[in-house]
Amino acid sequence: MKPNSGTLVINIMNGGKAEAYEGVYQCTARNERGAAISNNIVIRPSRSPLWTKEKLEPNHVREGDSLVLHCRPPVGLPPPIIFWMDNAFQRLPQSERVSQGLNGDLYFSNVQPEDSREDYICYARFNHTQTIQQKQPISVKVFSMDSLNDTIAANLSDTDIYGAKPVTERQPVLLTPTGSTSTKVELRGNVLLLECIAAGLPTPVIRWIKEGGELPANRTFFENFKKTLKIIDVSEADSGNYKCIARNTLGSAHHVISVTVKAAPYWITAPRNLVLSPGEDGTLICRANGNPKPSISWLANGVPIAIAPEDPSRKVDGDTIIFSHVQERSSAVYQCNASNEYGYLLSNAFVNVLAEPPRILTPANKLYQVIADSPALLDCAYFGSPKPEIEWFKGVKGSILRGNEYVFHDNGTLEIPVAQKNSAGTYTCVARNELGKIQNEVQLEIKDPTMIIKQPEYKVIQRYGQVSFECIIKHDSTLLPTVTWLKDNDELPDDDRFLVGKDNLTIMNVTDKDDGTYTCIVNTTLDSVSASAVLTVVAAPPTPAIIYARPNPPFDLELTGQLERSIDLSWIPGDENNSPITNFVIEYEDALHEPGVWHYQTEVPGTQTTVQLKLSPYVNYSFRVIAVNKIGRSQPSEPSEQYLTKSASPDENPANVQGIGSEPDNLVITWEPLKGFQSNGPGLQYKVSWRQKDVDDEWTSVIVANVSKYIVSGTPTFVPYEIKVQALNDLGYAPEPSEVIGHSGEDLPMVAPGNVQVHVINSTLAKVHWDPVPLKTVRGHLQGYKVYYWKVQSLSRRSRRHVEKKILTFRGNKTFGMLPGLEPYSSYKLNVRVVNGKGEGPASPDKVFKTPEGVPSSPSFLKITNPTLDSLTLEWGSPTHPNGVLTSYTLKFQPINNTHELGPLVEIRIPANESSLILKNLNYSTRYKFYFNAQTSVGSGSQITEEAVTIMDEAGILRPAVGAGKAMASRQVDIATQGWFIGLMCAVALLILILLIVCFIRRNKGGKYPVKEKEDAHADPEIQPMKEDDGTFGEYSDAEDHKPLKKGSRTPSDRTVKKEDSDDSLVDYGEGVNGQFNEDGSFIGQYSGKKEKEPAEGNESSEAPSPVNAMNSFV
């Protein structure tokens, strides 16, 4: 044995005989935990014995007779490979007439004069010993009838054998196997070889069929000129009767080989290693099958379990060992042996009773990098006994991870199906069992995806020009991209004309071979993207070229060599019109069955002007020829003369034969009828035959015509039938058709699935299990199962609604399925039905299940009203989908300063039965941002946000008097000294001046205008949108906006305006708007805030004088 190894080396190169080591070997590996044993290893020396000496007489054979040359090679180990050669070491040619059998003999179905030779030599090659043994040459002399008359008849008295009779044809006779039947046994998984070699003149043709079935597709092969049937990977289903049929023109012979497929043992469930902790239970299962059924025996540490040391925790029950309350001394290696007469299986299984605290095998602080929106898999490989429980946490003080956004695998891996930027961070895996716990941290980094922001574009370039493709990319700054260019999915040509830049590809001096598809591929260590563009190279504007055209049609068609199944057609080509003719297409017309319809017959190269055409019986042929060049096809030639072939029996049978029942008590047999020219003669009919499969019944047959369907009534429900359809006409039958398997009609299933169980996985997903129905009760092709489920009521609202049943179909013989899209905290019912081709079976009893609570949706609305100096009123609506019992609402809010910075966050918990709240003690003229959501016992739902502004204090409210200016100055004297404020006031003054000038001009030009026109001219289109966009308070309407105007200015009866009325009205209008919007600071606050990109500057708003409003109304 090799050191530190279990390998046994037997070396006879330095002496010794191989026979001395012949025997059966077995390896045993043993330590303190137990002993494992190997399979038996059989060692036998190879043998290549010599041929026994024998006297070989010359073979004198009459022409046309059969002959067998026996090889009879010596028995070697392994068996030799046989082949026949001559003295020049050339293999003897083989054919349908002469071939080598599986036993090595050389068979002649009939001998010919050229078979005469004196060096038929059989060779046996022993591959293992690398030797070739040669049999003595065999002589064969074939005598023809002429030579018999001249020579042999004068010298031999056996005139019964060597008479002067002419060579006569003979019907087939099987040379091997002999008799009418034989048997063959083969093992499962092996290659089945069946052989039939026949004598006869003409040489017979061999055909194979399987009685009562079909040869297996994709596993059946024919060898040795179809004399050998080869089926690979045989199984029990391949057992049956195989018939070989030898046929020539004089008749046929057949032989039936009854094949039985036996099986050495093979595993159904091999025993697996078992790790148990002290006190646990477990089982070892050893299940095998075979033919005959194998016997199961158990060994413990290589010793039969019956005489092995007793273990009170162990109980043997046939193919199962049951362990109960194991202890550490119960550790052992168990062997399961499954044996029958064709072989055995041996498998070791280690039962390891182990008490081990958890260990995490994944390296600590392992870094995982993934692309955003891709799945992330974080490993936590572990070991321990008892099996540890795994939990995942995020962050240093994070809570345990739960929810639908994570997938927890049995091997400890945490999967984040769609990793986002906020998924990055530190994740902690904790493994614990009753002996301890351990944890490990891993890091997750989320990278931006690589993108091609400017892709290469389709280009058309003239020959010898220059072209450039761009490929500009955007990628994560921490990833190093590599850019590769391909042409037609291959590397760029090794040519200096191709210049690859940082973000482009340039091709200089373009040629025709540069035409193609160019692809830019960007790779990083985490992802890859690509983009392609096509380059089309065109020539410069060409000079006037030769005119190319389609060829002229051929002419002078002539038919010669008329036979029953063939005819010769010749023609003269037309002008090719500067483009060589590449091929000719021959078409035919059947004036007897389809007059006026031309069919494709064949085509020949353009250099050929004659062709031999194969014909079918009972067709009135006409032919025409079409010439083809690169430009296109010519017009068809004039038709040839007609040629009518003689009638014959059909050559083929209908295709696509099927048997499918339309009712439970019938069988509908359909087929694809033969076309007119396939009938081969008049009086086409079909012989339809059927019999029930696996029942010893005779065939029932009917003959029908002009149909492609026949209905068999009174059949049992859904039973298999053997069906065949044979064509015949007035001259006879077509060859024997192949059989197909059909089924009579289906009926609705009889029983419903039983033992329906529902396992609720989470608030929106459930898994349903059921027992399959017995196949005999399906009464048809099992298509699957349908699960009907519907919501009965919501457990939170206790209100019923219209029942909308949902249906999920599970194909095949599945016994479970998932029910997605359930509503949380609801009561559901479901039932299950089996489905076949006829329809659905009865429903199982309704099963009731309930979904647990989930998190609620966001509140239906959040409205903030009644702003005052230091308070706001909040009103809200309950969530549209509470998904459980609401426990409370959470309100969070914080102020926003002039630089968009957020102040401290305040959180308030509100009872679930409240729908409004007044917030007090707020700062005046301050913008606040609110976050509002609802909670159930499961957690918080999504939040809704709003913003609002408290109004300024009374000292800042503008009045239509000079005092307003004083209040403004007293409030913010420091602002008036700022440069930006002085510039703003100058601009306001200039705009007011322009406004007054425009009003004066309009008054002088128009004289009089309605007040409504004045309102329209000064309407501010930004007031309403600004209120909506900025979320300020106080409803704005057209009527309220114009109340000061109507109050301060009235139109006379002649609908004109006096000068003093107009001036007063302008002032009133400006002050009225100012008073209207100065109440909550919305207008001026929005105006100044919009200029400074700050939505909440209430103090500055209050300082604007009233003419600003008039100016804004005009602008």
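How many aromatic pairs does the count come to? The exercises below treat this and related points.

The model is predicted, so local features need pLDDT of at least 70 and side-chain atom pairs pLDDT 80 or more, while totals for chains, interfaces and linings use all residues. Residues are numbered from 1 along each chain as its sequence is written, and side-chain values use heavy atoms, with hydrogens and water left out.

**Exercise 1. Describe the aromatic pairs that involve F932 with W876 and with Y889.**

Solution. 
Step 1. Rings of Phe, Tyr and Trp (its six-membered ring) pair if their centres lie within 6.5 Å; planes under 30 degrees apart count as stacked, over 60 as edge-to-face and the rest as tilted. By this rule, the count is 20 aromatic pairs.
Step 2. W876 and F932 form a tilted pair, with 4.7 Å from centre to centre and 45° between the planes. This pair links distant parts of the chain: W876 belongs to strand 73 (residues 872-879) and F932 to strand 77 (residues 927-935), 56 residues apart. Strands (E, at least two residues) and helices (H or I, at least four) are DSSP runs, numbered from the N terminus.
Step 3. Y889 and F932 form a stacked pair, at 5.3 Å centre to centre and 10° between the planes. Here Y889 in strand 74 (residues 888-896) is joined to F932 in strand 77, 43 residues apart.
Step 4. W876 and F932 are both buried, and Y889 is buried as well. Buried means under 20% relative accessible area, exposed over 50%, and partly exposed in between (1.4 Å probe, protein chains only).
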